[in-house]
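Work through the exercises below with the structure open. Each task is followed by a stepwise solution.

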Amino acid sequence: MKTAREVFDAAMSLMDELDNSGAPENTNTVDLEQRTPAILTTLIAEYRILSGTRGHIVPIEDLDEDALFEVDDAYALGVMQYGLAAKLLLDENPQAAAFYNQKYEELRAIYFARSAASEGEIENLYGGIEYGQFSSW
C-alpha cells in the first residue's frame with residue numbers, strides 16, 4: 001500500500017527538488033506539498049473513472065497518513081508521480097510540465113491497456129475482419 005507521501009517524494013525526485021541531503025521536504029517544496037493532496041485526489045478520481053470503479057472517493061488530506069487504497073501500487077509509483085509533477089509545474093515550467101504530462105499519458109495508456117488485456121476484455125484485436133489472416137500486417 002503506497003502512501004501519498006511516497007508519490008510526492010518520487011515526484012520531487014523527478015522534478016529535481018531535493019535538498020543537498022536528498023530530502024524532498026525542504027523550504028523550496030512547501031508550496032508544492034500544500035498543493036499535492038488536491039492534485040492526488042484528482043488523479044485518484046481519474047484512475048477510478050478509467051478503471052470503471054464506482055463509489056465514494058475519499059479525498060487525500062495528509063500526505064503522511066493517507067494511503068492510496070484505491071490505487072494499484074504499480075500505478076501509484078509508476079504513473080501518478082508523472083501526473084503529479086506535470087500538474088505542479090504547469091505554471092512554473094510549462095515545458096517540463098508538458099514532458100511529464102506526456103510521460104504520464106503514455107504510462108497511463110500502457111497500464112490500462114495491459115490491465116484490460118489481462119482481464120480478457122480484448123478478444124480479437126482486429127475486430128473480426130473476414131479473411132484477416134491473409135493480410136500483410
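**Exercise 1. Find the contacts of R108, leaving aside its neighbours within four places in sequence.**

Solution. The model is predicted: local features need pLDDT of at least 70, side-chain atom pairs count only at pLDDT 80 or more, and totals for chains, interfaces and linings use all residues. Residues are numbered from 1 along each chain as its sequence is written, and side-chain values use heavy atoms, with hydrogens and water left out.

Step 1. R108 lies in helix 5. Helices here are DSSP runs of H or I with at least four residues, numbered from the N terminus.

Step 2. List the partners. R108 is in contact (heavy atoms within 4.5 Å) with E46, L50, Y75 and V79.

Step 3. Check burial. R108 counts as buried because its relative accessibility is 18%. The classes are buried under 20% relative accessible area, exposed over 50%, and partly exposed in between, with a 1.4 Å probe and protein chains only.

**Exercise 2. Describe the aromatic pair of Y47 and F112.**

Solution. Step 1. Search the whole structure. Eight aromatic pairs turn up. Rings of Phe, Tyr and Trp (its six-membered ring) pair if their centres lie within 6.5 Å; planes under 30 degrees apart are stacked, over 60 edge-to-face, and the rest tilted.

Step 1. Take the geometry. Y47 and F112 sit 5.7 Å apart, centre to centre, with 45 degrees between the planes: a tilted pair.

Step 2. Locate the partners. Y47 belongs to helix 2 (residues 30–51) and F112 to helix 5 (residues 94–118), so the pair links distant parts of the chain, 65 residues apart.

Step 3. Check burial. Y47 is buried at 9% relative accessibility. F112 is buried as well, at 16%.

Step 4. Widen the view. Ring pairs join Y47, Y75, Y111 and F112 into a cluster.

**Exercise 3. How do helix 2 and helix 4 pack?**

Solution. Step 1. Take angle and distance. The angle is about 125 degrees, and the axes are 10 Å apart. Axes are lines fitted to C-alpha atoms over the stretch in contact, and angles run from 0 to 180 degrees between N-to-C directions.

Step 1. Classify. Helix 2 is therefore oblique to helix 4. Under 35 degrees is roughly parallel, over 145 roughly antiparallel, 65 to 115 roughly perpendicular, and the rest oblique.

Step 2. Name the contact. Helix 2 contributes L32, R35, T36, I39, L40, L43 and I44; helix 4 contributes M80, G83, L84, K87 and L88.

Step 3. Check cover. Eight of the nine residues of helix 4 (residues 80–88) are buried.

Methods:
Helix = DSSP H or I, 4+ residues; strand = E, 2+ residues; numbered from the N terminus.
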